[in-house]
Amino acid sequence: MADSFSLMQEQYAKILQTYLQEKNEIGLYHAQQFSKKVLENQISPEEVVSLHLDAIEKFFPDLPQGARDSFEFLLEVMMGYGMAYREHQSLRDKQKELETEINVAANMQQTFLPKEIPSVDSLDVGVISVPASKMSGDYYHFVKDENNCIGVAIADIIGKGVPAALCMSMIKYAMDSLPEQRLQPGALLENLNRVVEQNVASNMFITMMYGSYDPRVHHFYYSGAGHEPGFYYNYKTDSFEELYAKGLVLGITRDTTFREYHKKVEPGDFIVLLSDGVTECRTDEGFIEREELTRFIHQYKHLPAQEIVNNVFYQLEKLQGFQLRDDFSLIILRRKV
Amino acid sequence: MSVQSNVEVRTEWGIVSARQAGRNLAKEIGFSSVDQARITTAISELARNIYLYAEKGEIIIEAVEEIHSTGVKHGIKITAKDKGPGIKNIRQVMEDGFTTSGGLGAGLPGVKRLMDEFDIDSVAGEGTEITTIKWNS
Ligand SMILES: Nc1ncnc2c1ncn2[C@@H]1O[C@H](COP(=O)(O)OP(=O)(O)OP(=O)(O)O)[C@@H](O)[C@H]1O
Ligand SMILES: [Mg+2]
């Protein structure tokens, strides 16, 4: 509860008087504590000047007129601070309001992401997606069709924060409005590219990798739109290779076509999809190397997919001093033995 | 109690006269010296805007009262009137941080916060009228 102004007045007079009598550090310490109280009670600078004048008028009834007048002068000078102080308060309130709005929006955005990952017996899937601030410019999506084929998308909106998040919600909507029947990755990106080209501001770019895993034949088909290459882990040779798909970023030109690639997936092999927040993880020594990332993944490869991505995230977060600079998303799909 | 003073503003002298008239009346009404400083600061800001943007106009200062069940509330009402260029985007100038001076909390939003009531009317090409009241508590 705020103390009443008259209470503050009384208290000020008391501590000032004590100080004037004893002139010691304790008195000044009380003044410092009082200054916190003044702020807590939202007392503006010009009011502090008048507190002071009131107090010394009481102690020194025959204060020279000139000294008294000088306070009028000081009061005027303090008015600028008074106005700045009020602005600060109102900006703080506004910031709180904005923060609340962003929290609501961030919660809403979470609902855009798949609530659960579809499961098929032959696949072990792990996903982690963490925004750098409250809202994310990364997006991922899973679908399972009637043949148990798993479609997986990972997208990265260039830029971050609220604008990227707005753009991300558009991508979500565009993905949902694609034709019902399963599209091949290349065709899907072509469709999406047209939507983005028509609906998203020309200064917003979206990269995406889309893949489809067919568990009947264990083939992974994929296409990419300027997206950060993923990795393919080969169990037999115990090595990583780049999972690269050539293609223009979404939304640049209307009639982009996307080449489709495919891989035969053997037991124990896994596919790693990521957003550039993973590789652009910056430490004091610069960006981490992609090899470093594969080393981390390799270190945890004996664990279930979800635990691999969790652990890799933890390691990279730690490397950056627990401050993410970009939205971070990492997906692993492993063919079970 | 003086009923009303009209001060013409076309020079910095006008700004000072408006402040003076405001201070005199504020004293008469019984405002504390802190409130007096607030009222004159508000007058300064409004008068300077007239001087800078409308070239000339007037500041009207009057005592106002409101009768409540608990008694009579006294206040001071300041009206700044000009036939200058007007303000095109009022909403924008009422936002913090818009002032050209980059003024920390100064300008019209600052005046609004210093006073208890604030009302602005402005038509581009016709002029501006700002009314603001401070009540003596
Ligand atoms: N009487 C007026 N007539 C025309 N335009 C005005 C008038 N008063 C204010 N304005 C316009 O509104 C803007 C904002 O005014 P405000 O007093 O808030 O800030 P400022 O005068 O720009 O800076 P400051 O007052 O902080 O030095 C001014 O820059 C001016 O363009
Ligand atoms: Mg101004």
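In this predicted model, helix 5 of chain A passes helix 6 of chain A in a right-handed crossing. Helix 5 of chain A spans residues 161–176 and helix 6 of chain A spans residues 185–199; their axes come within 10 Å and cross at roughly 135 degrees. This angle makes helix 5 of chain A oblique to helix 6 of chain A, because angles over 145 degrees would be needed for roughly antiparallel and 65 to 115 for roughly perpendicular.

From helix 5 of chain A, the residues in contact are A:Met170, A:Ile171, A:Ala174 and A:Met175; they meet A:Leu192, A:Val195, A:Val196 and A:Asn199 of helix 6 of chain A. By class, this contact of helix 5 with helix 6 of chain A has 7 nonpolar residues, 1 polar residue and no charged residues.

The size of an interface is often given as the accessible area lost when the parts come together.

| Item, chain A with chain B | Value |
|---|---|
| Residues from chain A in the contact | 16 residues |
| Residues from chain B in the contact | 20 residues |
| Buried area | about 1,400 Å² |
| Share of buried area from carbon and sulfur atoms | 56% |
| Salt bridges | 4 salt bridges |

Of the area that chain A buries against chain B, 42% is supplied by A:Glu76, A:Met83 and A:Glu87, more than by any other three residues. A salt bridge joins the side chains of A:Glu47 and B:Arg38, with an N to O distance of 3.2 Å.

Terms used. Residues are numbered from 1 along each chain as its sequence is written. Chains are lettered from A and ligands numbered from 1 in the order in which they are written. This is a predicted model: local features need pLDDT of at least 70, side-chain atom pairs count only at pLDDT 80 or more; totals for chains, interfaces and linings use all residues. Side-chain values use heavy atoms; hydrogens and water are left out. Axes are lines fitted to C-alpha atoms, for helices over the stretch in contact, and angles run from 0 to 180 degrees between N-to-C directions. Helices (H or I, at least four residues) and strands (E, at least two) are DSSP runs, numbered from the N terminus. Angles under 35 degrees count as roughly parallel, over 145 as roughly antiparallel, 65 to 115 as roughly perpendicular and the rest as oblique. A crossing is left-handed if the near helix is turned anticlockwise from the far one by less than a right angle, and right-handed if clockwise. Contact means heavy atoms within 4.5 Å. Ala, Val, Leu, Ile, Met, Phe, Trp, Tyr, Cys and Pro count as nonpolar, Asp, Glu, Lys and Arg as charged, and the others, Gly among them, as polar. Buried area is the accessible area (1.4 Å probe) that two parts lose on being put together, summed over both.
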